[in-house]
Amino acid sequence: MATSTSANRQTTYMIIGLAAAAGIALWLSLSKAKRSKDIDGSSASSSKGSGDNRTPTKSNVRSTASSSSSSSSRSTAASTASPSKEDEEKALHRRIEEIDREGKALFKDKKYMEAAEMFTKALDLIETTRSDSGKTTNGNGASSSLVRQIVTLTNNRSAMYEKAALPDLALSDCDAVLSHDPSHSKARTRRLRILESLQRYPEAIVEVCALQLKFMHDNRDKIRLGLPPTGSPPVPQSKIEELVGAILPAEMERVEREMAGRKLEERALPSTYTILQLLKSFSGFNKWMGEAARGGTVEKFTAQLEDLLDHVPRKNAMAFVDNVAVRSTLLYQRGKRYAFEKEFKKAVKDFDEAFDLVEDVQGVGEPDHDEIKKGISDAMEKEDYARLLEWAGMCRHLRYDLKGALVCYERCSELEPDNTELLVKKAGVKMDGSQHSDAEKLFADALALNPSASDALLHRANLRMLQQRVADAESDLQTCIKLYPNNLLARLRLATVYMAKEDIDGAKRMLDQAGEYDPDSSEVHCYRGELHFARGEFEEAKGEFEKAMKCDQSNPTPYVNSALAVINTPPTGGAMVPNFAEAVTLLEKAIQVDPMYHAAYVQLGQMKLSMATDLTKAKEVIDLYDRGLEYCRTPEELKDICSMRILTMAQIDAAHALHMETLNMQ
């Protein structure tokens, strides 16, 4: 959530390692590729290929939607071919060349359907000749030159159908060409163009991936050596982003629909570390922690709950109301104690149950519902009732029920209109809902009530960083530090601001001061590691990240950042690539300690995809992204993982289409 601390910064460094090059090549910045010509320039009977050097292995091209070409098996050894057959073949080639020239002439005159008929005529001639010779039409045993004729003529006819606005026929011919030669660039480029025009974007992006994978495969030796590839990539980065953007809304809608079907209690909580850092950022943290420590143990409250009478009849309104009020209070007190002990799942369960009781959820629809509900709130101590509402709002916010959180906070604010912490928490909900102007007003209201409210200054600085108002964020944080010199979070945030301004000395000075207040802070070491990383000092960065892990093993950030440092560290000892296995282990550990740490899913998915030894392993990346989607809290997180999932699926489908067994270019 927007109000969380640096545990959710999730700074992502896009790392391009040698082994990762294929897996994330689709996101590299690519130069624009020249559009393929609409029609093959070589003669249909030429011995040259159809745009590359791959020799087709079979032929099952259909010359029209209902007719198929047959192929005849011919010997390639001149010494065993009879003169009569040679003469027949030469005559066939000459006739095909004549028809091919006629078709190209019609193409130049923009008579596309007439040109298509010429190419069909040539294909029919091949089919008739081969049928007369009793050969099969599936391409088995056919001479390579004859198969290339079929591929070239079919590709040219596809171009004519495209020009004549007959996309289905054009696609059918593209499919026929690709059945012979899966890497035929012109057919794939045309298929991409047509599919995009038909708004069949998921299919179109598979063609993009096929073109890119072919390019990467052709340059795999250079990629292994870290050298730039030969020539320009076939598809520009802008096209990839455009297609992903076209597919993304429907994919996000699908995931959001699935998430909306989950009950509130089924939604996962953030990690213990994240929740604790969030709670520490509010000014009332020490107060409620002290109250919880002095208030009694979990066992005490549990025993008192067990002593209460069960099933007090509702018709005895006064006894029923008193019983529910006492039970709600005890659940609230026990929930607070659970929170003190960092048992947040149990705490949330108690707060939810207490809130349902004071809301008389089971009595909704009863004629006395409103009276009973008011009686319960009146029977509770005002402070207990207000704090229960506040905790109920926090529990809903943690599970990203923004509407429910606001309802609880608003009702609490009605009881305590001058409570600045409530205004800050409401502002955090607004920030997570991308309602930044509303959040700005709430922060202003809080500071008008209490100009020294540290949490208002701290969280408003977060908002201003999101708005890229760096100078304003810096001002808020400096004010906070002047008021509260020992505010560790403010110093850490200010270090981030200095790093954003590329003021490395200022960032280091602020981190040193933070370290003086808390030398064992995991966050301090993590920020220091990021500072080293920004300087390109990867070994030093890894050292700080390791210290951060030792200080607090539940902090996911140093695991992810350490993985990135490993990837960026130049290999030594004769190794060709960095230690990707170590990076994968670190990323998996980050997800283990915080299943909601979305940056870990993005980085781990890219890494595993590039290292997959076969397409079955590559498909496991889809499962990883699906797990990540279950924990997404913000539209931005959802967009990131959905985008990576779309590309990964397209790459796997493209690899299948190219008959590739792996995406790994090692």
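Predicted model: local features only at pLDDT ≥ 70, side-chain atom pairs only at ≥ 80, totals over all residues.
Local features need pLDDT of at least 70, and side-chain atom pairs count only at pLDDT 80 or more, while totals for chains, interfaces and linings use all residues. Residues are numbered from 1 along each chain as its sequence is written, and side-chain values use heavy atoms, with hydrogens and water left out.

Start with the cores. A nonpolar core is a set of buried Ala, Val, Leu, Ile, Met, Phe, Trp, Tyr and Cys residues joined through side-chain atoms within 4.5 Å. Buried means under 20% relative accessible area, exposed over 50%, partly exposed in between (1.4 Å probe, protein chains only). The largest nonpolar core holds 92 residues. Met160 and Ile205 have the most contacts inside it. Helix α29 (residues 635-657) gives the most to this core: ten residues. Helices here are DSSP runs (H or I, at least four residues), numbered from the N terminus. Another core, of 87 residues, lies apart from the largest one; Phe320, Tyr332, Phe351 and Ile376 are among its members.

Now turn to helix α10 (residues 285-295). Its buried residues are Phe285, Trp288, Met289, Gly290 and Ala292. Their cover includes α9 (272-280), α12 (317-340) and α15 (382-398). Just after α10 comes glycine 296, with a positive phi of about 135 degrees.

Next, a helix pair. The axes of α17 (residues 420-432) and α18 (residues 436-449) come within 8 Å and cross at roughly 170 degrees. Axes are lines fitted to C-alpha atoms, for helices over the stretch in contact, and angles run from 0 to 180 degrees between N-to-C directions. So α17 is roughly antiparallel to α18, a label for angles over 145 degrees. Residues that meet across the pair include Leu423 and Ala427 in α17, and Leu442 and Phe443 in α18.

Glutamate 416 sits in the loop between α16 (402-415) and α17. Its relative accessible area is 17%, so glutamate 416 is buried. Contact means heavy atoms within 4.5 Å. Beyond residues up to four places away in sequence, glutamate 416 touches Glu383, Ala386, Arg387 and Leu422. Glutamate 416 and alanine 386 are 30 residues apart in sequence, yet 8.0 Å apart in space, C-alpha to C-alpha.

Aspartate 455 lies in helix α19 (residues 454-466). Aspartate 455 is buried but has no salt bridge, meaning a side-chain nitrogen of Lys or Arg within 4 Å of a carboxyl oxygen of Asp or Glu. The nearest side chain of opposite charge, lysine 425, is 7.5 Å away. Lys and Arg count as positive and Asp and Glu as negative; His and the chain ends are not counted.

Methods:
Helix = DSSP H or I, 4+ residues; strand = E, 2+ residues; numbered from the N terminus. Parallel < 35°, antiparallel > 145°, perpendicular 65-115°, else oblique.
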